[in-house]
Amino acid sequence: MLLDDFKHAVDSYSVTISPDNLEQVCEVLEIDTTNGYRRSQVTDKLHQNIREAIHLNRKDKANNISRRAFLKLQSDLVYRYVLYNENPVEYLKVLKVIQDSCRHDEDYLSPFSNTSDWEKAIVNAKNYNAFSSSTFSTKLESLRKDYPKDFDIATSVKRLIDKGCKVEIIDSNFHIVSGFEAIVEEINEKVKTIGGVVLAQSLFNHLNNHKKYSVRFERYFITREASGISFDQRPQIPYGFLLNLSLKHLHEKPKIKNLQTQLDEIVDLAIMISNSFGVQQYNFWEFHFQSGETVIQFYTDIVLWDTMFTIPQCRPSSALDICENLFSFISESDFQNALGFTRTDFLSVSAEVNKLATNVHSPTIVYHSSICKSLKQIDTSKIQTILDLLSHQSNINKKYNLPSDYTSIDFWKKPLMKLGATKFLLMNKSWCAPNYFEAIASALRTNYKSLKRDLDYELGEQLEIYLQHKLRAKGITFTTGDYDVDGLHGECDLLIESEKAIILIEFKKKVLTGKAKSGVDTELLIDLSKSILDAQVQAGRTEIILREKGSITLTSKDRSTQTVNLNDRHIERVALTQLEFGGFHDRSIFKHLLTALLTHSYGTHSTDTKTIEKFEELKEKQAKWVEQYNKLCLIDTDYSKHPFFDCWFMSLPQLLEVINLSSDNNSFYEILRKTKHVSLNTLDWYREFDIATHLEHETR
């Protein structure tokens with residue numbers, strides 16, 4: 001075991017210098033003192049000795065220790081202190097010196113089997129701590145301050161152990177062997193006792209009281225709270241976990257004794273459970289310094305945080321606008337024959353449901369009679385049919401227990417919950433808004449199969465038409481179509497010209513699957529490659545032609561052609577997806593993947609044929625990605641310095657916010673780039689766009 005080997009090595013060697021005698025120290029370390037004695041000479045020499053002893057080139061990595069695995073030992077040491085009271089101070093001090101010495105070097109260290117290498121490294125590290133005792137002065141009483149994330153994770157796990165869980169530490173990670181089911185059952189019973197409606201009401205009240213609701217965007221800003229001062233951070237409330245749990249127990253409890261105490265116990269238990277997964281980032285520097293070795297685990301943490309702590313949201317009016325336009329290709333008669341009501345009826349009822357919750361940010365009861373009173377022009381039986389189709393009948397999220405298990409969440413299929421024959425529940429207008437589309441799409445898919453038409457393909461076509469319609473409405477002109485250049489055939493979804501830039505937008509329908517949202521790394525990597533990578537490769541082909549040829553001619557579906565000249569303008573590349581990908585829309589996050597695909601290959605141990613095929617496809621796309629990068633570096637010698645600074649990954653609702661603030665092509669580009677040069681490390685596009693555009697308004 002790596003930790004045991006490290007501890008044994010640290011215990012085996014001692015300090016070899018007299019730290020108070022600078023002259024003797026320089027003599028032992030063979031430092032040239034011709035120009036006098038300086039303490040910095042000693043620390044530099046000690047660092048150099050450590051690097052020379054254990055640093056290895058990347059090509060030698062096969063049988064050696066990854067630096068990431070080595071640095072994870074600090075987590076292991078803190079875990080063992082909290083759980084087993086094992087004193088970690090001397091080991092942490094040595095580890096810190098080695099970490100500091102190899103900070104800018106390659107990612108692999110010599111194996112502990114090379115005893116002489118590690119003897120030299122550890123002796124020099126101990127000499128450093130003896131000579132400069134105040135540099136790394138770790139103390140037991142300050143362990144939480146020095147290692148807040150590891151300490152808090154271990155504290156949560158210790159509480160799980162105290163509740164009966166059996167836990168093992170394997171490769172510096174916690175593994176719950178048994179007993180977790182009882183804790184899951186405990187929180188379920190507590191939620192059941194007070195009722196899910198009460199829990200949801202409390203959580204939304206808490207968000208409102210802490211001013212997390214944005215009237216401007218009609219959504220909650222549930223963001224990461226990482227900062228540069230890690231010890232100020234604390235485990236956050238897993239709103240996503242608790243709200244999805246509340247859906248399992250929707251019964252109402254009119255009178256509850258000691259409600260606040262019970263709510264506090266539920267939230268405390270949820271924090272303990274979710275924090276044991278260790279996916280909350282405490283320091284925002286984690287968002288910026290990742291490598292090809294670490295990016296998959298890092299991305300797994302990103303998606304799991306989104307799953308546990310946030311909820312999918314959309315501006316209700318935008319959600320219905322998308323429904324109205326995407327299903328517009330279906331005639332009213334076909335729509336009515338398939339569903340029993342017209343598209344207009346559906347939109348009217350849905351809008352009325354949202355209207356009831358206009359000034360309400362928590363669960364809202366919707367009665368059939370109240371909708372009928374407002375919509376007298378629609379037959380009451382049709383209103384009932386619409387409300388029934390939009391409603392879960394029972395057993396929402398029935399199998400959902402673990403905060404990481406998104407595959408057991410089915411709430412996203414419909415926006416309402418049926419509480420009685422004519423009584424319905426809208427849990428929250430922003431949270432429920434994305435579900436209107438899926439409720440109708442699901443109901444129509446069966447009908448389309450019988451007509452031998454692919455509804456999802458049709459919807460993909462309509463998405464592009466919808467986006468074009470939105471652009472035209474704001475006076476934004478664009479070009480779209482196919483091209484053939486030097487035997488290369490390609491397609492450009494949207495090309496928008498401004499005076500300063502050309503914006504290339506490529507649309508992909510790929511969504512994050514339930515498995516990906518549950519942290520299955522292979523599924524996550526494939527989903528990201530089929531959205532971010534595919535779109536960026538497609539846009540990259542167009543960019544290369546523009547840069548090499550100076551222009552590109554696009555042929556639209558009506559066979560008309562238009563030539564676009566580069567004219568020394570900037571090129572921005574936007575990968576666009578219909579549904580949102582949470583933290584992956586942050587520019588500092590998705591760029592890690594684009595960078596890693598230049599240097600690292602990714603495979604799978606799966607024996608599933610389809611999974612293997614997906615990874616083979618990924619290799620082919622990766623080869624094209626590397627080829628494009630090399631071409632762009634040849635075209636522009638400065639490209640390699642910031643290769644993906646002009647790349648974007650956005651959702652359709654996000655782009656609609658940009659369009660809504662625009663009035664022409666030039667303003668569209670200026671609004672788009674508001675968040676380009678600043679990252680607030682919230683990993684919430686709406687929050688950062690809100691701040692960026694408000695700052696612009698205030699400085700005028």
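Modeller: A salt bridge is a side-chain nitrogen of Lys or Arg within 4 Å of a carboxyl oxygen of Asp or Glu. This is a predicted model, in which local features need pLDDT of at least 70 and side-chain atom pairs count only at pLDDT 80 or more, while totals for chains, interfaces and linings use all residues. Residues are numbered from 1 along each chain as its sequence is written, and side-chain values use heavy atoms, with hydrogens and water left out.

Biologist: Why is the contact of Lys120 with Glu52 called a salt bridge?

Modeller: The closest N and O atoms of Lys120 and Glu52 are 3.9 Å apart, and the limit is within 4 Å, so the pair qualifies. Lys120 lies in helix H7 (residues 115-131) and Glu52 in helix H3 (residues 39-54), so the pair ties together parts that are 68 residues apart in sequence. Helices (H or I, at least four residues) are DSSP runs, numbered from the N terminus.

Biologist: What makes Lys120 count as buried, partly exposed or exposed?

Modeller: Buried means under 20% relative accessible area, exposed over 50%, and partly exposed in between (1.4 Å probe, protein chains only). Lys120 has a relative accessible area of 34%, and is therefore partly exposed. Glu52, with 49%, is also partly exposed.

Biologist: How do you know that Lys631 and Glu627 are separated by about one helical turn?

Modeller: The two residues are four residues apart in helix H26 (residues 609-635), which means a separation of about one helical turn. Lys631 and Glu627 form a salt bridge, with their closest N and O atoms 3.8 Å apart.
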